[in-house]
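Please look at the structure first.

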Amino acid sequence: MGTSSATTHRVVYDDDIVRAFSIVTMVWGVVGLLVGVLVATQLSFWQANFGLEWLSFGRLRPLHTNAAIFAFVGNMMFAGIYYSTQRLLKVRMASKLLGWIHFWGYQLIIVGAAVTLPLGLTQSKEYAELIWPIDVLVTVIWVVFAINFFWTLAIRNERNLYVAIWFYIATIVTIAVLYIVNNLQLPTSFLHSYPIYGGVQDALVQWWYGHNAVAFFLTTPILGIMYYYIPKAAERPVYSYRLSVVHFWSLIFLYIWAGPHHLLFSALPDWAQTLGMIFSVMLWAPSWGGMLNGLLTLRGAWDKLRDDPIIKFFVVAVTFYGMSTFEGPLLSIKSVSALGHYTDWIIGHVHGGTLGWNGFMAIGMLYWMVPRLWNTTLFSKKLAEIHFWIGTIGILLYISSMWVSGISQGLFWLALDGDGFLKYPDFIEGLISSRFMYQMRLIGGVLYFLSFLLGVYNLARTIRSGRKVNGETTVKGSLEPDSRFNWKVMFGAPVIYSALVLILSFVLGGFGMVGAAVALGGLAVVVVAAMLGVGLVRDDHTKQWHYRLEGNWWVFSILVLLAILIGGIVEIIPTIVIANKAPLEALNTETGEPNPYLQQPYSPLELEGRDIYVREGCYLCHSQMIRPFRSETLRYGDYSRLEESIYDHPFQWGSKRTGPDLARVGGRYGNMWHYLHLRDPRNTSPGSNMPTYAFMTDRKVKLDGTAHKMEVLARLGVPYEAADFAAAKQTALSQGGLISADLESQGVEVEPDSELVALISYLQRLGRGPQPVAPDAGGSAALGAR
């Protein structure tokens, strides 16, 4: 890439798209936080579910997370990227049309989520709940955004890519890979599908996605925004270019491996759990390197912290980033995870990052950017100061209450008496003891919401006082299009050394020690790349490999892709191979006896009941994964095995226990107990905050579509047979009739095809083999005799 002309020309930036994304950021921020306040209220006061299915906690909680992450932070991210990219590259976005397709398509996605999730249309995978037609639209819109972004890189007027652009590239490339792989599914209708993965495969792929959605949607793009807006607000250069190189490459390489730490002590193979823990702990270093680079950028400008609310927001945001990236690796250590997993501690951790890091970065960016987009000054610095302090107090009250509640819950669940038995056998007792902390969390959330409303008011008055203006710059000459692929950079010394170290680590590690070997190899790769990339080996700046890499976006993007693919391939492929062998182990190899843990297919009614369980978001409060702790086996039954969920599409292991684990709830209570509990949980569990599901009593299951669902699952490897499809409806009615008759004998009349009956049949199946169906059910083996 070289200069083709010495002429001077003016570049006018496309700031209309920035203004649009900025405005909807404020709108969706209000919506996401308002829904968050409502679901927090529901956890303290169950009556706030209002007895309406589409306002129940299980349906609104995914709406809250999607609105906060993808609507609020997503739109903020796009506003920040469109604004900073044009100025860093000194060129207008390549296509105005693609920008507006991106904007309106993304808003359509958000509206689609806002409509479908309260209706119970969900995949039940955290941060990936959207149904398949919306997933397709997400993919299309992301490609539109990527084309516009990379096209702009190709026509840029700045030779080298600034560090913020590196993080934007990593975001665009990695999110595309994550989203497509995690959302591979087979539709059963326009509104329903089953993921192609099941059981442990689905769990690993989901948390490979789920963890890295946090990494590459809530972290890397916001770090790019940090690297642009903090230097602008402080009027200081980034503290260290060398640190930014080490920060970037080590972060994107290490982050992708850390997903399995969400599955510690589960049925996931132990080597994958250990691998996730090792890389999570290693993430401490690059994460804090980025935090320090951001804070130390303020060197010589700390006096602005007294008078400039924008600097306050940025400093506290980066501080919360440091806190979250300390707490995350801490929680990934097995001994700490044993205490914190499934508890409110995780909720506090997530919200510290989202409200503190993402929320305050968003507000700081908008306070700095909006006056420039409308050629005016901020309406009220005093109001911004009030916003800052109320918001900060709200966050601290929120996360501290969740820390106290979560640690208390973990200690309560693990506690044994002097004889080695449960000290607190009643789960509800622990929930009731957390109620005060839930109310403190609600107060903190309300304070943060009110502070955000003050910010929106301040920004709205700022917009009203100004007029739209597009930024512009003057460029001397122009650069030739960057269309050549630079092989010398692609196969430079850091790449070769990194590849050799990785290969050597695999060879030395072998299968049994691959986790430790790759971890050490990964650390060596980071050190080698950093040393060679930032000039610790070669002092001539113009000859540094990384300096030349920054001038070739093709090679840069490919190396990013390779860096993030390595971890996914190493973790996911072996797990899929191991899980695929599980069905073959029907007999115990030592005794020859049948494997009692090998899962059998669900009956038609149980399958429909499971879909209802998914629809209502029961996985958000109940796990189905008993860890191998004495306290858990005493409370819930024998610990869970890999082969018990191989046919679960999607998996339902859960990540939070507001209610008890249900992996072995089948047979523990009678049908009448479940009937009373589902209609009003307070009937059987005084003090419960679970919503009521009385509406299911009279609602009928659509059994005409059950056979097709079974056919789709058969294509995914579930061993249904042709006779099962033909008899599906009758089998479901027969099994429902048994439950209905049992309830009728106790004075309750309910139809055999009621949704309540279907859900009861599923719950009674959990932890047990196939349940009885009527003798005339038909099918290859009546699905109840297998």
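How many aromatic pairs does the structure hold? In this predicted model, there are 55 aromatic pairs.

**W166 and Y241**
- The ring centres of W166 and Y241 lie 6.3 Å apart, and the planes meet at 75°. Planes over 60 degrees apart count as edge-to-face, so this pair is edge-to-face.
- W166 has 1% relative accessibility, so W166 counts as buried.
- Y241 has 30% relative accessibility, so Y241 counts as partly exposed.

**Y179 and Y209**
- Y179 and Y209 also make an edge-to-face pair. Their centres are 6.2 Å apart, with 70° between the planes.
- This pair, too, links distant parts of the chain: Y179 is in helix α5 and Y209 in helix α6 (residues 199-217). The two residues are 30 residues apart.
- Both Y179 and Y209 are buried.

**Charges over rings**
- R87 places its charged end over the ring of Y83, at 3.6 Å from the ring's centre.
- R19 lies over the face of W374. The distance to the ring centre is 5.9 Å.

Conventions: Residues numbered from 1 in each chain as written. Predicted model: local features only at pLDDT ≥ 70, side-chain atom pairs only at ≥ 80, totals over all residues. Heavy atoms only, no water. Phe/Tyr/Trp six-rings, centres within 6.5 Å; stacked < 30°, edge-to-face > 60°. Buried < 20%, exposed > 50% of the residue type's maximum accessible area, 1.4 Å probe, protein only. Helix = DSSP H or I, 4+ residues; strand = E, 2+ residues; numbered from the N terminus. Lys NZ or Arg CZ within 6 Å of the ring centre and 35° of its normal.
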